[in-house]
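Open the model in your viewer and keep the sequence panel beside it. This tour tells you what to select at each stop and what is there.

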Amino acid sequence: MAFPSEIAQSIESFEADDITGPEDISDTHTYSAGGTEPEVATGSATEIPYTADELDDAVAAFAALDGVQPPGDDGGFSLPKASGSFPFGAKERPERRKLDIPGMLKSFLHGKSVWTNIGPVVVFCLLIYSMLFVMSERPYIMLLNGEPIAFVQETATGQKLLEQASLELSAPYPAESNFRQYARISYTREGVKIKTRITDDQVILEALKSKITWLVDGWTIAVGSESTVYLASKAQAMEVLENVKKSYLPEDEDVNIVNMEFVEPVELLTVEIPITDIGSPEQAFRTLTEGREPMREHLVQSGDTYWSIAQKNGMTVEELKLINGATSDRLSIGTVLKLSIPKPLLSVRTTVSEVRQEEIPFQVVYQSNDTIARGQSQVLTEGVKGSREVEYEVAWINGFAVEQRVMSEMVVADPVDKVIESGTKAIVASTVSRSESAIAAEIKSGSTGSGAGVLAWPLVNKVTSHFGPRSRGNHTGIDIQAKTGDPIYSAAPGKVISACFFAAYGNQVTIDHGDGLSTMYAHLKEINVAVGQLIGHQELVGLAGTSGNATGPHLHFEVRVNGKPVDPIDYLK
């Protein structure tokens, strides 16, 4: 605070210990009433216009100015707000000096000592700031179990994506499955450049889903001591087992289910499972019923036959047909054939009870007549089949019957024997030929006639190919038109000497009638006799079909005398 010069000088001239009286004053200041500058006298003592008391009063008045406190022990003054009157003739209070902040700062910064003292501090602060800036710009490497998988700007980003991955993957699983993972996620900036590109969030999300082993408390179906399939819940596992049983239920609605049980011991166990090992109920069902081995298949192409396909794959024709449920020898291009039998991991034993209506075959009784030529016969009494009602208990394993027991049986109608009179008179093979027109007339009328022939027609129908030469070589028999499944009957009594699949003939039956006479029935769909079996006149041999080298269903019928093919027409009556 600025003071008037007079007051300042007065303050400097007076000390409390020096004021003893007027006689000690060598210089005298004289102030006029009007407050003009004092007159200074020098030399001898001059009378002072102020007494010591007046000076004390002036000092006291000055102390009252702005609340200035008298000097303390340290010689300092306190300068509060001004109040009271002004001493020494002053007419107005002193003007306060305003605080010049910008000026003071400018003066401070232009001082050399300032930079000498604070320069290093400023440089150090700038260095720290630069380091913090660089660190804030460098991304983090996100590490999964110590292996880098992505770059993130903030660690919070990685943690947020980890939580999102867990939320999305756990959605299909119930709360009791305890969805979890044990991966170790860490972050570092070591070796990362400032300009390193941040990894896309979606890429990080997919990496976390695929690279982390996510685990749940799931369920396994243990067959024996082996875990076979894994499922998310016990309810799903029980549903799969129930569907396996249902898949082997008989299609026949007339049977009664006695019992259904698994052949192997089965357990449901809860285990810690990676979610990648958990399958759907549909997948589990296929694994249990078909096994783990992939099914081998063959696509039928031009020129393929059951025989050629079976040979290439180390199978028999019967096995190949059985696997594919084939009832015909014909194949269509583009058909897919199974080459292996499924090996299920779990087998089901199904026991059923059923009642069947069965025929009781009649017996054939032969009577000899030496007046009739050998090979000729006549039916004295037609046979009549009987019937019975049988209750069976049948055990199936995976759809195949493995055991059958008769529980009860009741005869509904007894059979009636068929009585045949057979000639025993020796004959010589006939060479008499009948006209085709006569044969056609017999076929049309349905009569077998009683002409020169000694053999009955195995199938009464139109002859589509005759004996003898034809475009593809010599035809050793005749072809009789037929429909698949038509019954084929023996032409005369005899003994079955062959009943099997034979090359181009397919399924064939050969009957020896004695005296060098034999007949063959070829391209059968089904054989109903066995080798060594004695067979009577017009008994069932088999069913017409297309087996072997056949373009359509028909019967190839041959007659041989002493092993040499002859025209069957000459022997048919």
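A residue is called buried when its relative accessible area is under 20%, exposed when that area is over 50%, and partly exposed in between. The model on screen is a predicted one.

**The whole chain**

Start with everything shown as a cartoon. The chain has eleven helices and 30 strands. Of its 573 residues, 34% count as buried. Among contacts between residues at least 6 apart in sequence, 68% join residues at least 24 apart.

**Stop 1: strands β13 and β16**

Select E358 and R388 and show their side chains. The two meet in a salt bridge, with 3.2 Å from N to O. E358 belongs to strand β13 (residues 348–360) and R388 to strand β16 (residues 386–397), so the pair ties together parts of the chain 30 residues apart in sequence.

E359 counts as exposed at 54% relative accessibility, and K385 is partly exposed at 46%.

**Stop 2: R180 and D217**

Select R180 and D217. They form a salt bridge whose closest N and O atoms are 2.7 Å apart. R180 lies in strand β5 and D217 in strand β7, so parts that are 37 residues apart in sequence are tied together. R180 is buried, with a relative accessible area of 14%; D217 is partly exposed, at 26%.

**Stop 3: helix α5**

Select residues 155–170, which make up helix α5. This helix of 16 residues reaches 23 Å from its first C-alpha to its last, close to the expected 22 Å. Colour G158, L161, L162, A165, L169 and S170, which are buried. These residues cover an arc of only 155 degrees around the axis, which puts them on the same side of α5. An α-helix has 3.6 residues a turn, so residues three or four places apart point the same way. The face turned away from the buried side carries the exposed residues A156, K160, E163 and L167. Among the elements covering the buried residues are β3 (140–144), β4 (147–152) and α6 (201–211).

**Stop 4: helix α10**

Move to residues 317–324, helix α10, where V317, L320, K321 and I323 are buried. Seen down the axis, they fall within an arc of 160 degrees, so they line one face of the helix. They pack against α9 (306–312) and β12 (336–338). On the face turned away are the exposed residues E318 and L322. Just after the helix, G325 takes a positive phi of about 60 degrees.

**Stop 5: D486**

Finish in the loop between β22 (478–481) and β23 (487–489), where D486 is found. Leaving aside neighbours within four places in sequence, D486 is in contact with L459, G542, L543 and A544.

Key: Residues are numbered from 1 along each chain as its sequence is written. This is a predicted model: local features need pLDDT of at least 70, side-chain atom pairs count only at pLDDT 80 or more; totals for chains, interfaces and linings use all residues. Side-chain values use heavy atoms; hydrogens and water are left out. Helices (H or I, at least four residues) and strands (E, at least two) are DSSP runs, numbered from the N terminus. Contact means heavy atoms within 4.5 Å. The expected span of a helix is 1.5 Å times one less than its number of residues. Buried means under 20% relative accessible area, exposed over 50%, partly exposed in between (1.4 Å probe, protein chains only). The arc is that of the directions from the helix axis to the C-beta atoms. A salt bridge is a side-chain nitrogen of Lys or Arg within 4 Å of a carboxyl oxygen of Asp or Glu.
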